[in-house]
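Hello,

Here is the structure I said I would pass on. My notes on it follow below.

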Amino acid sequence: MTKLVTLDGALRWRDDQRRAGKSVAFANGVFDLLHVGHVRYLQGARSLADALVVAVNSDLSTRALKGPGRPVVPESERVELVAALECVDRVLVFDDPDVRKLLLALRPDVHVKGTDYTPETVPERDIVQSFGGRVAIAGDPKDHSTSALVQSLRARGR
């Protein structure tokens, strides 16, 4: 069974998890040039619930967020890399500039953001709390970034 699902597939999977008495965490990101910071974030997110669904920005939404030249790694490969992680149960791709619509549809028990946020600064905090979910922070300090890797590689002329 593939971990990549549509929103409808994610909803069916979430319902199955809940029927089994399991909690669901939700994490999201671009995950361009997958690095240890991404892995630690997703492992931390998974530790906060029984199951983890990850929303990956599409190529279109990544370009809108990060600018020309991004993503470096195409969406299909970024999804495959994220899905290959043991801590990830399901992956879906989204085109929107943020995850508000996905959160309202999926209503996860926990919405997890990286350490560049605090529980008070999570942009979707009010939405998550509106359906009884909670926000949490996971991962290591923001010492790793794809943008820094890309900048470093470009500076080296690669």
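I begin with helix α3. Its buried residues are covered by elements that include β2, α4 and β3 (90–94); here buried means under 20% relative accessible area, exposed over 50% and partly exposed in between, with a 1.4 Å probe and protein chains only. Helices (H or I, at least four residues) and strands (E, at least two) are DSSP runs numbered from the N terminus.

This is a predicted model, in which local features need pLDDT of at least 70 and side-chain atom pairs count only at pLDDT 80 or more, while totals for chains, interfaces and linings use all residues. Residues are numbered from 1 along each chain as its sequence is written, and side-chain values use heavy atoms, with hydrogens and water left out.

Within α3 (residues 59–66), the buried residues include Asp59, Ser61 and Thr62. Exposed Leu60 and Ala64 sit on the face turned away from the buried side. After α3 comes Gly67, with a positive phi near 100°.

Next, the cores. A nonpolar core is a set of buried Ala, Val, Leu, Ile, Met, Phe, Trp, Tyr and Cys residues joined through side-chain atoms within 4.5 Å. The largest has 21 residues, and Leu42, Leu52, Val54, Val82 and Val88 have the most contacts inside it. At least two of its residues come from each of β1 (24–29), α2 (36–46), β2 (51–57), α4 (75–84) and β4 (110–113). A second, separate core has 20 residues, among them Val53, Phe94, Leu106 and Val122.

Finally, Phe31 and Tyr41 are both buried.

Regards

Notes:
Contact = heavy atoms within 4.5 Å.
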